[in-house]
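Welcome! Take a moment with the sequence and the model below, and then we will walk through them together.

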Amino acid sequence: MSGTNPAERIIIALDVKNKTEALDLARRLPRAVLFKVGLELFTAEGPELLRELGREGKGLFLDLKLHDIPNTVAQAVKSGARHGVRMMTLHASGGSEMMARAAEAAAETASREGVPRPLLLGVTVLTSLADADLAALGLAASARDQVVRLARLAEGAGLDGVVSSAKEIEAVRAETRKDFQVVTPGIRPAWAAADDQKRVMTPAEAVRLGADRLVIGRPVTRADDPQRAFDRILEEIS
Ligand code: C5P
């Protein structure tokens with residue numbers, strides 16, 4: 001991550017209901033560069049929202065956690081690249097071929113159509129799943145071992161990184177190449193409320209353990225002065 005704009009280390013989660021609220025929030029954060037649009041907002045507002053945020057000069061992280069047959073996922077990645085998104089997520093448990101085809105589609109679309117190549121991030125094990133849930137799915141591994149296994153599979157298939165909870169940053173870092181990106185949610189500065197996040201980590205600690213980028217929602221989006229909260233976090237990790 002050296003040499004990149006430090007503001008690119010923070011991804012603001014646009015967890016709002018509609019386009020008006022999303023654009024309003026984005027405009028209140030003139031120095032934030034990257035914004036995460038997830039399933040809820042994307043299914044409500046569709047690609048038009050991506051175009052509007054793009055026109056505002058915002059970089060987009062399209063967090064749809066794709067998981068389907070390789071061809072379908074590759075086509076969805078192609079569409080995402082055409083919208084100019086900077087990052088997209090797909091489930092690593094969709095398998096090596098699915099991820100490899102997605103990576104190819106991202107690279108091909110970028111070179112053929114002159115758009116930036118989106119970084120593809122693997123989702124490993126959802127933090128809503130505990131070891132017992134994995135066992136019920138027929139998976140004998142602990143959540144931690146499964147995260148590492150899927151991160152390595154994602155790396156081998158040509159993805160750019162993974163989304164990882166703070167508690168798995170170190171394990172993923174230790175088992176993957178140096179420039180494999182680790183993007184971490186569940187971040188809470190010491191001065192912010194934990195909300196519904198159970199295992200939180202401060203921005204500085206997550207970066208110290210090896211996170212490249214942090215996904216941050218409420219500590220910034222619900223702050224009285226979101227830009228000031230953003231600047232404070234940026235200072236803490238710089
Ligand atoms: O408001 P908060 O900072 O908790 O928002 C974190 C964002 O990261 C939300 O969009 C949430 O869905 C996402 N996320 C998370 N924990 C995970 C995966 C994603 O909080 N394990």
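## The largest pocket

Two or more lining residues come from each of α1, β2, α2 (39-45), β3 (59-66), β8 and α10 (218-221). The volume of this pocket is about 1,300 Å³. Sorted by class, the lining has 19 nonpolar, 11 polar and 16 charged residues.

A pocket is an open set of points on a 1 Å grid over the protein atoms alone, where a 1.4 Å probe fits and protein lies on both sides within 12 Å along at least five of seven lines; lining residues have an atom within 4 Å of a point. Helices (H or I, at least four residues) and strands (E, at least two) are DSSP runs, numbered from the N terminus.

## How to read the model

This is a predicted model, in which local features need pLDDT of at least 70, side-chain atom pairs count only at pLDDT 80 or more, and totals for chains, interfaces and linings use all residues. Residues are numbered from 1 along each chain as its sequence is written, and side-chain values use heavy atoms, with hydrogens and water left out.

Which way do the residues of strand β1 (residues 10-13) point? Ile-10 and Ile-12 face one way, Ile-11 and Ala-13 face the other, and all are buried (under 20% relative accessible area with a 1.4 Å probe, protein chains only; exposed is over 50%, and partly exposed is in between). In a regular strand, side chains alternate between the two faces of the sheet.

Strand β1 runs parallel to strand β8 (residues 213-216), joined by 3 bridges, and Ile-11 has Val-215 as its bridge partner there. Strands count as paired if DSSP finds at least two bridges between them. Another 3 bridges join β1 to strand β2 (residues 34-38), also in parallel, with Ile-12 opposite Phe-35. Between β1 and β2 the chain passes through helix α1 (residues 19-27), and this β-α-β crossover is right-handed (with the strands pointing away from the viewer, the path from the first strand over the helix to the second runs clockwise).

Next comes β3, where 7 of its 8 residues are buried. The parallel strands β2 and β3 are joined by 5 bridges, and Gly-38 stands opposite Asp-63 in β3. Strand β3 also pairs in the parallel sense with strand β4 (residues 87-91), over 3 bridges; Phe-61 has Met-87 as its bridge partner in β4. The chain goes from β3 through helix α4 (residues 70-82) to β4, in a right-handed β-α-β crossover.

## Three residues to look up

Is Thr-176 buried or exposed? Thr-176 counts as buried because its relative accessible area is 10%. You can find Thr-176 in the loop between α8 (169-175) and β7 (181-184), where a polar atom of its side chain lies 2.7 Å from the backbone oxygen of Val-172.

Ala-190, in the loop between β7 and α9 (203-209), counts as exposed because its relative accessibility is 72%.

Finally, Ala-105 sits in helix α5 (residues 96-113) and is buried, at 7% relative accessible area. From Ala-105 to Lys-36 is 21 Å, C-alpha to C-alpha, and 69 residues in sequence.

Notes:
Grid points are joined across faces, edges and corners, and a volume is the space filled by probe spheres set on the points. Ala, Val, Leu, Ile, Met, Phe, Trp, Tyr, Cys and Pro count as nonpolar, Asp, Glu, Lys and Arg as charged, and the others, Gly among them, as polar. A polar contact is a pair of N or O atoms within 3.5 Å; within protein, one must be able to donate a hydrogen and the other to accept it, and residues adjacent in sequence count only if both atoms are side-chain atoms.
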